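This briefing covers chain folds, domain division and chain contacts. Please look over the sequence and the structure before reading on.

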Amino acid sequence: MNDTMDMIQGGSVSQKAVLQVNSLCKSYGNHPVLEGVGFTIPRGRIVGLLGPNGCGKSTLMKLISGLTQPDSGEILIDGVLPSKQTKSMISYLPERTYLNDWMKIKDILNLFSDFYADFDLERAKAMLSDLNISADSKLKTMSKGTKEKVQLILVMSRRAHLYLLDEPIGGVDPAAREYILNTILKNFEETSSILISTHLIQDVETIFDQVLFLNHGKIVINGEVDEIRSTYGKSIDGLFREVFKC
Amino acid sequence: MLRKMLKYDIKAMAQTFLPFYAVILIMSVLNSIFINFDWLYGIVGGSTILVGLFIALGVTTLVLIVTQFYKNVLGDQGYLTNTLPVSVDTIICSKLISAALWICLSGIVAMIVGFILLCSVSPLTFSDVWQAASSLFGQIFDAIFAVLGGEFQILFVLLWILLMVLIVLAAIANDILHFYCAMSCSQLRPFSKNRIAASFIAYIIINIPLSVLTGLVFSCMALVSDRFQNFFAGLAPETLFTVALFTVAAIFVAMDILLYLPTRYILKNKLNLE
Amino acid sequence: MTWSFDDNLPIYLQIIRILKSDLARGKYQPGEKLPAVRELALEAGVNPNTMQKALAELERDGLVKSQRTAGRFVTEDKEKIMEISKTLAYDEIAKMVENISSLGYEKKDILQLLERYLAEQEA
């Protein structure tokens, strides 16, 4: 793995970061949500976007995915501004359940294969069968937890450049949390990067190599996990509790 | 991409419409059997149910067109729809075409039901009704021929049919886009606090310029026709009819564009999903 | 189940310690092939890059050897592994001594205590 990574980072491909965000601002009415956010995510990283509820994590995700337009600033995904093209490069897991009620599993699998050239149907089928979900099961009759897992499987079955996972472990039980983290780790490839937003850091911080602390619309800490641990002498969770003390 | 998108949009509504059509057609056949056997209770009951079904079909069509767009584009499903690698135009057009398709199909089903009932009201057979219908249309065409005189050209008739189809489609699109535009307005900042109420109010507000516009254009036409009576008097009747059809079609298409552009702008630049 | 980590140390250092103790207690025998980075990362519940960093460190210490195509193998040098066991044991003893000293015992008492303890355990 090291060799491939060296190759990629040394080669011309990596000259462009997977994600580059420059002085991004967004406000809703008079209420500023993001105030000059800037950071870079190189290839092959799992990055934690950490901050309390309502600090702008979801808005940042929406801006990167192209769902919302910024007031000012710039977002580049592999050097490209958000557009139809970047939508085919980003695999986005929103907080909401977006599955159509009328669909069966096979319908949503077809939809993903139809629209995303990078969708690995076999991988998705294998993961679904691990959960004993058949192609004929109806989405309507599924529990919220199962729907969330199905959505994660769909998102992680793409071979995207950038994965945006918005609160994938918010409000799930420990068993489901482990399943979700395993699924993310299992499908992570060095040629892509994953940005995961969460406000629950304990048990998760070991999967990040880089973390971004977002507070009141600004990035307050941006660094490598192990560097932060040795500099501050505490876990990311401990540092988080300190930075975001009420 | 439009084809792929249409596939899913049509399928989404098929789940509701196809069973509905089946029930209505079965009911109308049953009703025509009751009529044939002169079974009064059956006729009364069957007709009542049929009327009820038609009202329900109308309401369902309306509700589905509205909710399909709202849920799939502006609701939670919008998180998927709006992050697919397709343009905003593809999304709107796909929704528009599938909605128009189901309206047309509902219309066709209504005609079939009318035909079935017409056949059973009188002791006529299907072929009798068919003959009566075709002779009726024949008479209408004869009347047109008579008005136009001998100079009648088949090309004109084809053009008129084309224009009339265009007008019907543009009018259907107008109604659908009116809903889409109103719902899209709920994404705008000051209105997004109560999205459903905002959509209702936007619908009514949009209606004002639309009806002013139609009224204005049609009255202008009347004015023009008065002023330039001589000019129009000089025209052959078929030309006049063609010009009239063209104008109506143009007005509807223009209104479609007027509703489409803001919808497109909002979905592209002002999307603000909850 | 994933591995558990302390809060205040870099994760890769903790992974190194866990892997070293795995080697010491013979979970991986000398000359044995190690699981792939991805598998180990999954088992530990850590980022593959972090696991990679830990393994690179072990490699630098000569405890594992990587062969370009075949993967990573535990060193065949049994003495090196013995040395690891000893180092780890010393670490534990150091901790114990520190803890007991903090209770007010002298160094010579500690040895006595330990002997008595072991004898009682045997009985």
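How many Å apart do the C-alpha centres of domain 1 of chain A and domain 2 of chain A lie? In this predicted model, the two centres are separated by 26 Å.

**Domains of chain A**
- Chain A is divided into two parts, of which domain 1 takes in 1–89 + 160–172 + 188–246 and domain 2 takes in 97–159.
- Where the domains touch, 5 residues of domain 1 of chain A are in contact with 8 residues of domain 2 of chain A.
- On the domain 1 side of this contact in chain A, 4 residues are nonpolar and 1 is polar, with no charged residues.

**Fold of chain B**
- Chain B contains 9 helices and 0 strands.
- In sequence order, the pattern of chain B reads α-α-α-α-α-α-α-α-α.
- Chain B has 274 residues, and 22% of them count as buried.
- Counting contacts in chain B between residues at least 6 apart in sequence, 77% join residues at least 24 apart.

**Contacts between chains**
- There are 2 pairs of chains in contact, and chains A and C share the most contacts.
- Chain B and chain C are joined by no contact.
- The closest C-alpha atoms of chain B and chain C lie 28 Å apart.

How values were computed: Residues numbered from 1 in each chain as written. Chains lettered and ligands numbered in written order. Predicted model: local features only at pLDDT ≥ 70, side-chain atom pairs only at ≥ 80, totals over all residues. Helix = DSSP H or I, 4+ residues; strand = E, 2+ residues; numbered from the N terminus. Buried ≥ 20, exposed ≤ 12 C-beta atoms within 10 Å, placed from the backbone. Contact = placed C-beta atoms within 7 Å. Domains from an automatic or database assignment. Nonpolar A, V, L, I, M, F, W, Y, C, P; charged D, E, K, R; others polar.
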